[in-house]
Amino acid sequence: MNTDTEEKKPSLTPKRQRAVPVEELDAVTIRFAGDSGDGVQLTGGQFTTTTALAGNDLSTFPDYPAEIRAPVGTLPGVSGFQIHFSSRDILTPGDQPQVLVAFNPAALKANIKDLEAGGTILVNTDAFTPGNFKKANIATNPLEDGSLSSYRLIEVPMTSLTTNALDGMGMSPTQVSRCKNFFALGIMYWLYERPMETTVDWIQHKFAKNPAHIEANIRALQAGWSYAETTEIFARTYRVKKAPITPGRYRNITGNDATALGLVAASKLSGHTLFLGSYPITPASDILHNLSKYKAFGVKTFQAEDEIAAITSAIGAAFAGHLAITTTSGPGVALKTEGLGLAVMTELPLVLINVQRGGPSTGLPTKTEQADLFQAVFGRNGECPVAVLAAATPGDCFTMAIEACRWAMKYRHPVILLTDGYLANGSEPWKIPAVADLPSFAVSHDPGAAPAEFKPYARDPKTLARPWVIPGTPGYEHRIGGLEKANLTGNISYDPDNHELMCRLRADKVNGMTQDIPPTVVNGPEKAEVLVVGWGSTYGAITTAVNELQKAGKSVASVHIRHIHPLPPDLGATLARYKRVIVAEMNFGQLETVIRAKYLAPTVGLHKMKGQPFKVSEIKAKVEAVLAGKE
Amino acid sequence: MAETTVAPKLERKDFVSDQVVRWCPGCGDYAILAQMQKVLPTFGVPREKIVFVSGIGCSSRFPYYVNTYGFHTIHGRAPAIATGIKLAQPDLQVWVVTGDGDGLSIGGNHLLHAMRRNVDIKILLFNNRIYGLTKGQYSPTSLQGMVTKSSPMGTLDRPLYPLRVALAAEATFVARTVDTDVAHLGSILERAAKHKGSAFIEIFQNCIVFNDGAFAEAESRDTRDDSVIKLEHGKPLVFGKNKDKGVKMKGFKPEVVTFEAGKPPADLLVHDENAGAQYAYALTHIEPPDYPAVPVGVFRTVTEPTFDQLSEAQLEAAKKPGGGDLAKLLAGGETWEVR
Ligand code: SF4
């Protein structure tokens, strides 16, 4: 559905009855938390859409438990959704929420430590029962024991109020309870002066086959709004003005959605059918889900029997001339390692997307981390270079997916694109690009010689790419494989000099990809005391921290790296212009190690391994410490 | 992709590549290669439309020696790579060459899934019951108790029977042949080439260096008439130099009976290659040492939609007028205008 904010429709949002003072805020961070079954993600999603349509800039961060439905009311079952929205340009989902909506005691207990001092807590008191305290391992009722005295506590019996609102509809207590998230959403819409139209439309669409559910959910939503309006639980409402956003048409986008769209775009731009070989894995599966819906674009998706078949089927499709992709997360990459080696040896275009999660082993499937950089750059047998790119924001996943495809097809070589769980599920408003503005790239299958002279391993002098001649091309029948290739002919060769030459050529080809890397952009002064270097999903936190420090007069700049291997050719010179270099990453210093080895640069590492993204404050604290000479 | 015109008449030499064949002298692989090169020109498929895919092992060198498109891949993964090739270009004729180690040990999973999906690929499994390329360790088809380099006191593993795996995966064409019986080998290759769907052929192949004589009775011209039962659709299971032996079913168990030459009993099993997999599965139990002979030929063949056909059909069905509009896709979902 396309909605113009300017469009006038009959309003479904009731008129305010009482005069309530309005407080204007610059930015707000809200976290919804409850059982996985409480509809927390859905509530957050609805609030997000409505907020986007209201013209705020925003950033979201869903935080799921690993279990699909952990036991109700327990700490492992708590699911969270955080949204940061503002009248300014923002890049992160916010360090600390000011408002916590807790659907049960476990959700309160798991999230209270993150809430800003003096923040607001909205709880469903009906869920605060001795039974639920036990499940959440709580000794005394937190609503009564004074532990929340430093917060503004708003107690609402959401379940019973929803029950009253749905009176006479003949719904079971379970069905009624499922609607209470809309009651809470109604309260939040009142509090932040949000119209309810978008959510009402959504409910009507979503439950089109079930009119009773439509009515129940809309009643609950409106009841929540009216409750806030009539009971005076809030003394005022809050207004966050529209953000000054570049004009254009926008949509809200997650990293996984953007990645899938980027791949389809690359398929169109290159004129090559998209083939995805994939095996379900958290948090990458949504790319598979999305692409499997895009069959009208000729997209072929193959859910393979395992990670190995996922990459090898893609290698087969690449050999046969498709734009071949495989998507996974860290443990899946471990299984694909041998396949990547084959793609390097046979010099076929292939894009591997690693939506990183907490490791090692099964690790933290639903949490985010950046600890697969070494795996991407080094994790194969032999001298086995692949190009490694990394997306910086959810929307950047689109751009970098196209770039990964372009590189793979231009150089006939595997390219790894690193994203992570935070980018994958987090969202931001995304200015929809015009197709005409996307980079078009022609891909040639020219054998480069007459059949008798054809050399499968002859190289383009500029890119060192070999010809991509696909089965079905008469007269150019040839064989490739994983054994070392003789230069030019591609025949099996055990010749010592040839092996070194071929290893060198493959390395040179990948190192030569620097010709496609744009100049490094510095956020801040060309010279300063401190430079913060980051890569991947830390972009928002680092940039926000550095911008705030600059505003406070500190001598600091930042650089964000999207090309991990090869590194940007001007990076060494850039680093040299700053007295101190901090490398901030969600691992124990993997990019930092690469940078130190390559540039012999003395760096300071800022590491975080908690399955959670950086907070702006954590980066600021590190920069301040370095500036103060403490590190 | 270049257009293909009517193929000029091809000959055996057109399918011989310029690479020197490097199997051990006397290896069964030579006969299989020669037979393949002989029958390839008869398929009526242009050379550029044929792809040989292999994994790792002695048999997996095969693609280098056939002058078509070829891909010598990694250990066990050939069926998955072949699946990708076939999905990308359904009009290619795709052959997978594998062995008992490559196909049933490290690559068992891929073999199983390619067959149960009914991908239109032809899988040749050279069974020599040994690891040849790594110089003589036992394989998943080695008989229990076999003494090899890695089993000096005899193997403990119970063997896997390739045809039973293929039947369990519901491959739509399941056959067996022998490297030395070139006429039979050729006829089975031809039938596999014509089959639409996953074709699985177990080829008894002699590894002269590490497991010589594993199938001696079936391979030797002198003994094979008495050691091999040639399955022929609609014909009773009769074998022996004198055609005086046959197979009956006793309950669920096949039983070998002897009779006066030329006078087979009326209740002999009549081969039905289109019958259910359970019938073919029963036949796979006819093996030495419990039986004096082993069946070769087409155990089962049925016609079912292939994976690649189904994939193409879905793509076709998904095409709608105005579909495939990238601008529309990018602007999908909820959008808003900032002015
Ligand atoms: S080792 Fe055995 S299977 Fe391998 S080439 Fe030699 S004889 Fe053939």
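**A strand and an interface**

In β20(A), A:Ser558 is the bridge partner of A:Asn523. This is a predicted model, and the values below are computed from it. A:Asn523 belongs to strand β18 of chain A, residues 522-523, which is joined to β20(A) by two bridges and runs antiparallel to it. β20(A) also pairs with strand β19 of chain A, residues 528-535, this time in the parallel sense and over six bridges. Within that pairing, A:Ala557 of β20(A) has A:Leu531 standing opposite.

Next, the burial of the strand. β20(A) covers residues 556-561, and six of its six residues are buried. In a regular strand, side chains alternate between the two faces of the sheet. For β20(A), one side holds A:Val556, A:Ser558 and A:His560, and the other holds A:Ala557, A:Val559 and A:Ile561. All of these are buried, so both faces are covered; buried here means under 20% relative accessible area.

Now the contact between the chains. On the chain A side 75 residues take part, and on the chain B side 57. Together the two chains bury about 5,700 Å², with 62% of that on carbon and sulfur atoms. Three residues, A:Glu305, A:Glu477 and A:Arg479, supply 13% of the area that chain A buries against chain B, more than any other three.

Five salt bridges are found across the interface of chain A and chain B. One joins the side chains of A:Arg249 and B:Glu337 at 3.1 Å, N to O; a pair at this distance counts because the cut-off is 4 Å. The most comes from α11(A), with eight residues. By type, the residues on this side of chain A divide into 40 nonpolar, 22 polar and 13 charged.

Strand pairing also crosses between the chains. β17(A) pairs with strand β2 of chain B, residues 69-72, in the parallel sense over three bridges. There, A:Ile480 has B:Phe71 as its bridge partner in β2(B).

Conventions. Residues numbered from 1 in each chain as written. Chains lettered and ligands numbered in written order. Predicted model: local features only at pLDDT ≥ 70, side-chain atom pairs only at ≥ 80, totals over all residues. Heavy atoms only, no water. Contact = heavy atoms within 4.5 Å. Buried area = accessible area lost by both parts, 1.4 Å probe. Helix = DSSP H or I, 4+ residues; strand = E, 2+ residues; numbered from the N terminus. Nonpolar A, V, L, I, M, F, W, Y, C, P; charged D, E, K, R; others polar. Pairing = 2+ DSSP bridges. Buried < 20%, exposed > 50% of the residue type's maximum accessible area, 1.4 Å probe, protein only.
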